[in-house]
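Hi,

Here is the structure I promised to pass on.

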Amino acid sequence: MSFQRDNRCFLADYVEHEPAPGVEYLGKDLHDLDPGAPFDIVLLCHVLEHATRPVEMLSGLAPFITGEGILFLEVPLGAFRDWRAFKEPLTHVNFFSEQSLGRCLAEAGLSARLVSTDFQWVTRYRAWCINAVGCPSRSVVPAVRLHSTRRQMCDPVYYTRWGIDRTVEKVRARFQD
């Protein structure tokens with residue numbers, strides 16, 4: 001992966017495992033990180049929906065982001081009907097919309113620079129996900145204005161695609177048995 005080849009990469013994960021080549025394991029959580037070593041980019045991909053206190057988690061990460069750095073978040077779109085379709089709903093304790101994710105960033109002292117919902121690949125399947133980029137509030141880049149969550153709820157393409165995907169999954173399951 002060129003990202004790893006061109007940058008110094010680190011991993012913090014509750015489960016200690018062998019990271020990819022070129023990635024250094026830092027510890028289990030924020031308490032294991034060196035407060036004097038800020039990062040230019042922090043990736044939180046499909047993590048925040050599992051956090052019992054997401055604002056607290058983001059507030060704890062904020063001091064580790066450099067003044068010009070960013071926090072990239074990716075969470076499943078799950079604030080409407082989707083929570084019923086998750087493969088492991090018991091581990092998801094938060095269900096976000098664009099608006100609630102933006103509010104979570106703001107309450108943590110971060111400014112939302114981008115918030116968008118896309119139908120994208122997540123490991124081995126495609127799903128609706130919210131992608132957000134947050135920056136420390138001390139950054140000079142202006143924050144983005146969030147769209148209303150009504151846009152997501154009323155978008156006929158969103159539910160049409162979701163329904164088609166669910167149907168395809170059911171058909172595949174029948175033929176695999």
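**Notes on the core, a loop proline and the cysteines**

Of the 27 residues in the largest nonpolar core, the ones touching the most other members are L48, L58, L71, L73, L101 and L105. (A nonpolar core here is a set of buried Ala, Val, Leu, Ile, Met, Phe, Trp, Tyr and Cys residues joined through side-chain atoms within 4.5 Å; buried means under 20% relative accessible area, exposed over 50% and partly exposed in between, with a 1.4 Å probe and protein chains only.) At least two residues of this core come from each of β3, α2 (54-61), β4 (65-76), α3 (98-107), β5 (110-122) and β6 (125-136). Helices (H or I, at least four residues) and strands (E, at least two) are DSSP runs, numbered from the N terminus.

Before you go further: this is a predicted model, so local features need pLDDT of at least 70, side-chain atom pairs count only at pLDDT 80 or more, and totals for chains, interfaces and linings use all residues. Residues are numbered from 1 along each chain as its sequence is written, and side-chain values use heavy atoms, with hydrogens and water left out.

Back to L73: beyond its neighbours within four places in sequence, L73 is in contact (heavy atoms within 4.5 Å) with L44, L48, L58, L101, L105, I130, N131 and A132.

P38 sits in the loop between β2 (23-27) and β3 (39-45), and counts as partly exposed because its relative accessibility is 45%. P38 and F64 are 26 residues apart in sequence, yet 4.3 Å apart C-alpha to C-alpha.

As for cysteines, C9 is buried at 9% relative accessible area, and C104 is buried at 5%. Searching the whole structure turned up zero disulfides (pairs of cysteine sulfur atoms within 2.5 Å).

Cheers
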